[in-house]
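This report describes selected structural details of a protein. The sequence and the model are shown below, followed by comments arranged by topic.

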Amino acid sequence: EEWRELGHLEATSGDVVDYDAIVHTLQRIAKIAKSIILCGYDPWNATMLATTLQGLGIKMVEVRQGYRTMSEPCKALEALVLSGKLKHPANVVLDWCVSNCVLEIDSAGNCKPSKAKSTERIDACSALVTALACMCSKDAENNTPSIYESNDLKWL
């Protein structure tokens with residue numbers, strides 16, 4: 001409640017995910033940012049949302065939450081953090097989610113954020129890794145250099 005009152009997050013009423021609120025928020029972000037290049041989503045229980053957003057002109061990228069999809073962006077996030085290139089404006093929600101996140105590592109050294117091993121919510125951290133997965137995906141604009149190749153990654 002404190003984070004909602006301080007404007008750190010938007011809360012919706014009820015005990016279920018409000019997909020209409022997600023659609024409206026992404027439409028608002030798209031207007032502010034002039035466009036959304038890619039939007040990653042976990043297909044588990046989100047197919048209808050992805051279809052709706054695709055219909056609104058937002059290119060959706062399926063990002064499953066397993067080792068195959070999450071390992072490369074997890075390692076990219078670690079590199080950004082260790083190199084000091086990840087900057088965010090003291091976002092208390094992201095800080096809290098990152099502090100709760102535990103990586104699950106398989107025998108081959110692949111890693112992914114683990115909700116099963118974490119004690120609290122890790123959603124903002126998972127969203128950041130999902131965004132990096134989009135940047136690493138074949139769906140990213142292949143011939144256009146990323147702005148982040150010459151600038152630091154910033155959390156909005």
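Ser-118 is located in the loop that runs between strand 5 and helix 6. The model under discussion is a predicted one. In this model Ser-118 has a relative accessible area of 11% and is therefore buried, as the limit for that class is under 20%. Two backbone oxygens lie within reach of the side chain of Ser-118. The backbone oxygen of Ser-114 is reached at 2.5 Å, and the backbone oxygen of Asn-100 lies 3.1 Å from a polar atom of the Ser-118 side chain. When neighbours within four places in sequence are set aside, Ser-118 is in contact with Asn-100, Cys-101 and Val-102.

## Ser-114 in strand 5

Ser-114 belongs to strand 5, which covers residues 111-114. With a relative accessibility of 3%, Ser-114 counts as buried. A polar atom of the Ser-114 side chain lies 3.1 Å from the backbone nitrogen of Lys-117, while the backbone oxygen of Ser-114 is the atom reached by the side chain of Ser-118. Apart from neighbours within four places in sequence, Ser-114 is in contact with Val-102, Glu-104 and Ile-122. Val-102 is also among the contacts listed for Ser-118.

## Overall architecture

How many helices and strands does the protein contain? There are six helices and six strands. Along the sequence they follow the pattern α-α-β-α-β-α-β-α-β-β-α-β.

The protein has 156 residues, of which 29% are buried. Among the contacts between residues at least 6 apart in sequence, 56% join residues at least 24 apart.

## Met-70 in helix 4

Met-70 lies in helix 4. Is Met-70 buried or exposed? At 0% relative accessibility, Met-70 counts as buried. The C-alpha atom of Met-70 is separated by 6.9 Å from that of Cys-111, although the two residues are 41 residues apart along the chain.

Residues up to four places away in sequence being left out, Met-70 touches Val-63, Arg-64 and Gln-65, then Cys-111, Lys-112 and Pro-113, and finally Ser-126, Val-129 and Thr-130.

Ile-105 is placed in strand 4. A relative accessibility of 57% puts Ile-105 in the exposed class. Not counting residues up to four places away in sequence, Ile-105 touches Tyr-67, Asn-110 and Cys-111.

Tyr-67 also takes part in an arrangement of charge and ring: the charged end of Lys-112 sits over the Tyr-67 ring, 4.9 Å from its centre.

## The aromatic pair

One aromatic pair is found when the whole structure is searched. The rings of Trp-3 and Trp-96 have centres 5.5 Å apart and planes at 70°, so the pair is edge-to-face. Trp-3 is in helix 1 (residues 2-5) and Trp-96 in helix 5 (residues 92-100), so the pair ties together parts that are 93 residues apart in sequence.

Trp-3, at 26% relative accessibility, counts as partly exposed, and Trp-96 is partly exposed with a relative accessible area of 29%.

## The second largest pocket

The second largest pocket has a volume of about 340 Å³. It is lined by 19 residues, and those closest to its centre are Leu-77, Glu-78, Val-81, Val-98 and Cys-125. Two or more residues of the lining come from each of helix 4 (67-82), helix 5, strand 4 (102-105), strand 5 and helix 6 (123-136). Which element gives the most to this lining? Helix 4 does, with six residues.

## Backbone at Asn-45

Most residues other than glycine have a negative phi. Asn-45 has a positive phi of about 65° although it is not a glycine. Asn-45 is found in the loop between strand 1 (39-41) and helix 3 (47-55). At 60% relative accessibility, Asn-45 counts as exposed.

Note on methods
Residues numbered from 1 in each chain as written. Predicted model: local features only at pLDDT ≥ 70, side-chain atom pairs only at ≥ 80, totals over all residues. Heavy atoms only, no water. Phe/Tyr/Trp six-rings, centres within 6.5 Å; stacked < 30°, edge-to-face > 60°. Helix = DSSP H or I, 4+ residues; strand = E, 2+ residues; numbered from the N terminus. Buried < 20%, exposed > 50% of the residue type's maximum accessible area, 1.4 Å probe, protein only. Lys NZ or Arg CZ within 6 Å of the ring centre and 35° of its normal. Polar contact = N/O pair within 3.5 Å; in protein donor to acceptor, adjacent residues only side chain to side chain. Contact = heavy atoms within 4.5 Å. 1 Å grid on protein atoms, 1.4 Å probe; cavity = no way out; pocket = protein on both sides within 12 Å on 5 of 7 lines; lining within 4 Å. Points joined across faces, edges and corners; volume = space filled by probe spheres on them.
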